[in-house]
Amino acid sequence: MYFAQLAVNGLVQGLVISLAAMSITLVFGIVRFPNAATGDVMTVGAFSGLIVYPLTGSLLLSGVFAVAVAAAVALASHLLVFRRLAGRSVVALLVASIGVGFVLRSIMGLAFGHQPMVFSMPLSRPYRLGGLAINPLDLQLALLALVMLVLAFAILHLTPIGRQMRAVADNPALARVSGIRSGRVMAALWVLAGAIVGAGGVMLGVKTVVGPEMGWDMLMPAFAAAIFGGIGSPAGALLAGFILGVAQEMSTPFVGFTYKIALSFAIMLIVLLKRPSGLLGRIEGVR
Amino acid sequence: MNRTRREFLAGTAGAMALPLLSGSVFAQSEGTLRIGALNPVTGAGGPYGEGMQKMILAAAEAVNAAGGAAGQKIEIFAEDTQTDPQAAVLAAKKLIEVNEVRALLGTWSSGISLAVVPLTNDAGIMLMNTSGAPALSVPPANEKGLSYRFQATNDRFGRAFAEIAEKEGFKRPATMAFNNASGIGNTEGFKKAWEAKGGEIVSSVVYEPKQTSYRSELMQILAAQPDVIVMGSYVGDTTIILREWYQTGQPAKWIIPGWAANSDLVAALGPDVVEGIISVDSVSNEEAEAYAEYDKAYQAAMGKPGSDNVYAAMTWDMMTVLALAVEAAGTTDMAKVNEKMHEVANPDGTKVSSFAEGKNALKTGSINYEGASSVPDFDEHGDVTPDFAASFVEDGKINRRYIVKI
């Protein structure tokens, strides 16, 4: 039962990692660079939610607002920075994204200060399900994330723009030859990537404390999950986030709390040694 | 290409000269003793930094008004650490290399003091800090005996926790520590003192910073059924831990250091969660004459009572003790001044509470400065032992109940 409880604890943590990893993997799959500003867009989402929550008292409305703002910020970063650097090397884009993240963090630091802030929600006792303690707030958050995920996968797999995105991800040259307009696809992609990570930001903010550095600190596990899941595969990122979160918590009785992070990375290493393409990724052909 | 490089160099030189113009608070003149004020004006230490800096200035003014130390006026160069070790190191470099200060006063937070101390050691000048990490007491940080600490060590905090836990009648304490020198220092200090009293610790956890949840850590601690949980933590992680603890519904009391259990924590969690928490902080030497003088200066500079900022009282004492040591040494040669630090601050000698008083008394014999922050009696590591206050959170207010001496 102790282990089951640890797994539940890990699932909720994994969900936050999953959302950030999905955003990274989407951008990587299509624009082909690791977006280091992902964490800071997440922070933007958290602060946006924090502004709306006291006014409305509704987690859903805060989530929607955060998703909208984060999507707008991600789109703006594309229009103002990344689009102009299209075709440059991966390193140039990576460095630019670190810069974008730095600017976002500094703006938030100036606007909101560095003191930790919280969503002041009424605290509730957990539901007991056969000895398992499940927090109602976690359930709400998981629901919010689930809605976001279903929407994201629906857009990717059921809409024309999603199909175009996947076409560009599969083979940009072929997509262009087939008459897919990359401008629209890119804009849609950034909106989607921002929206996903915005939802993650609200979740992280509600669960922890909101500060300008919070998203940047999430970047390592998120990158790990994106690679672990198979870069470019949203479903893989989702799965990998869960596995990392659960493995971390389940390992604590054996390795203690100090080394649980190291252990989750060790698991990632082993999987990548056996499957270099990640959980659900495919080995890329030489282009 | 040549032109741009020249422009770049000119720009850099200009930028480097800028702080030279703005950093000096007093007019530059020959025959002054240059001191660096290196405080957390922005960042996490922001609530304290400005007051700390202003009290260094105020104490230096008092020294200058009394005719200066060893015939030299004091000149303060102020920089901001931004509560960030990297920024602090850059600022310290600038103060040491460009301004040629003879001591750095008032670094806050252990990470910063530990980052800056190699620089002051290399330069052969003093560093006076307000940090808690035990590592600052011993080599390599304090290999030259040039580092002085005006705050209680984390170890002493731990001893105060043990005193309070005993007084409150707790039997089954557990500990949770943030994984850094300060957090572990607190709980290790508690463990040593508690076990010396014949007590036993039922469970302990060292947790990683920046986690989204500490529920598994709490599960392990709460499984041991502790009656009190002693923390070595900061306000951010404490917020998450207390929230998740409250949601479990299991009763427990908490002993938390004052920098984590402060009004921010109460505001973040609401009065229900934090009710009954014991917040432990070092207290200023509030009955002393020096404190009254400090309080007056703090009111004048900041418009708030001096009790608002224990660290500002420490920086006030730093400047005063340093000036007294210079006066006693009769020179600004820092090696000689350093030898006098213990002499002017420790017992045996006329008790004095200000620079002017001490300067007079030094003409006739040895002195013992009794400060605003503590009676700064340095031990062999340059550490002081302030008193501690146990405050209880009641209805969302942090009320001081009693003073603990260790």
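This is a predicted model: local features need pLDDT of at least 70, side-chain atom pairs count only at pLDDT 80 or more; totals for chains, interfaces and linings use all residues.
Trainee: How many residues of chain B are in contact with chain A?
Mentor: On the chain B side there are 27, and they are in contact with 29 residues of chain A.

Trainee: And what area is buried between chain B and chain A?
Mentor: About 2,700 Å², with carbon and sulfur atoms giving 54% of that. B:Thr212, B:Arg243 and B:Gln247 supply 25% of what chain B buries against chain A, more than any other three residues.

Trainee: How many salt bridges are there between the chains?
Mentor: The count between chain B and chain A is 3 salt bridges. One of them joins the side chains of A:Asp217 and B:Lys210, at 3.6 Å from N to O.

Trainee: Let me pick one residue. Where does B:Glu217 lie?
Mentor: In helix H7 of chain B, which covers residues 215-223.

Trainee: Is B:Glu217 buried or exposed, and why?
Mentor: B:Glu217 counts as buried because its relative accessibility is 0%, and the cut-off for buried is under 20%.

Trainee: What is B:Glu217 in contact with?
Mentor: Leaving aside neighbours within four places in sequence, B:Glu217 is in contact with A:Phe257 and A:Lys260 from chain A, plus B:Met176, B:Val205 and B:Tyr207 from chain B.

Trainee: New topic. How is chain B divided into domains?
Mentor: Domain 1 is 24-152 + 286-369, and domain 2 is 154-284 + 387-404. Their centres, taken over C-alpha atoms, are separated by 31 Å.

Trainee: What do those two domains bury between them?
Mentor: About 980 Å², 53% of it on carbon and sulfur atoms. B:Ala152, B:Glu286 and B:Val310 supply 45% of the area that domain 1 buries against domain 2, more than any other three residues.

Trainee: Which side chains meet in a salt bridge there?
Mentor: Those of B:Glu286 and B:Arg400, at 3.1 Å from N to O. The count between the two domains is 1 salt bridge, alongside 5 residue pairs in polar contact.

Trainee: Which helix gives the most on the domain 1 side?
Mentor: Helix H12 (residues 310-329) of chain B, with 4 residues. That side of domain 1 divides into 8 nonpolar, 3 polar and 1 charged.

Conventions:
Residues are numbered from 1 along each chain as its sequence is written. Chains are lettered from A and ligands numbered from 1 in the order in which they are written. Side-chain values use heavy atoms; hydrogens and water are left out. Helices (H or I, at least four residues) and strands (E, at least two) are DSSP runs, numbered from the N terminus. Buried means under 20% relative accessible area, exposed over 50%, partly exposed in between (1.4 Å probe, protein chains only). Contact means heavy atoms within 4.5 Å. Buried area is the accessible area (1.4 Å probe) that two parts lose on being put together, summed over both. A salt bridge is a side-chain nitrogen of Lys or Arg within 4 Å of a carboxyl oxygen of Asp or Glu. Domain bounds come from an automatic or database domain assignment. A polar contact is a pair of N or O atoms within 3.5 Å; within protein, one must be able to donate a hydrogen and the other to accept it, and residues adjacent in sequence count only if both atoms are side-chain atoms. Ala, Val, Leu, Ile, Met, Phe, Trp, Tyr, Cys and Pro count as nonpolar, Asp, Glu, Lys and Arg as charged, and the others, Gly among them, as polar.
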